[in-house]
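Here are my notes on this model. Please read them with the structure open.

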Amino acid sequence: TLGMQDKAQGTMAAQVAMNTTLSAASCGLAVLMLRFAILRRYDIGGMCNGILAGLVSITAPCGNVECGSAVLIGIIGAFIYQGS
């Protein structure tokens, strides 16, 4: 935070943090729901791996997308994770 020189850098840092959190949370919840639909039980380990998959999914575009797109990227990451 000490390296931020102006308001634009602070705004970008906030957007990156928000998009990263939204993608990870949406992917984790989507994997939890997918695993419940398939296995008929809650798989918390799968949810944790889904959170990690959401973080991987949003790594490249985290500063260039809006909030809704970050959620969609997380959900797509959940389907890719579950399919693999």
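1. In which hand does H2 pass H3? The crossing is right-handed (the near helix is turned clockwise from the far one by less than a right angle). Helices here are DSSP runs, H or I, of at least four residues, numbered from the N terminus.

2. A word on the source. This is a predicted model, where local features need pLDDT of at least 70 and side-chain atom pairs count only at pLDDT 80 or more, while totals for chains, interfaces and linings use all residues. Residues are numbered from 1 along each chain as its sequence is written, and side-chain values use heavy atoms, without hydrogens and water.

3. H2 spans residues 44-58 and H3 residues 67-83. They pack at about 125°, with axes 8 Å apart. The contact (heavy atoms within 4.5 Å) includes Gly46 and Ala53 of H2 and Ala70 and Tyr81 of H3.

4. H1 also packs on H3, at an angle of about 40° with axes 7 Å apart. The two are therefore oblique to each other. Their crossing is right-handed. Among the contact residues are Leu22 and Arg35 of H1, and Ile73 and Phe79 of H3.

5. Look next at aspartate 6, in the segment before helix H1 (7-39). Aspartate 6 is partly exposed, at 46% relative accessible area (between 20% and 50%, with a 1.4 Å probe, protein chains only). A polar atom of its side chain lies 3.3 Å from the backbone nitrogen of glutamine 9. Leucine 32 is 26 residues from aspartate 6 in sequence and 40 Å away in space, C-alpha to C-alpha.

Definitions and conventions. Axes fitted to C-alpha atoms, helices over the stretch in contact; angles between N-to-C directions. Polar contact = N/O pair within 3.5 Å; in protein donor to acceptor, adjacent residues only side chain to side chain. Parallel < 35°, antiparallel > 145°, perpendicular 65-115°, else oblique.
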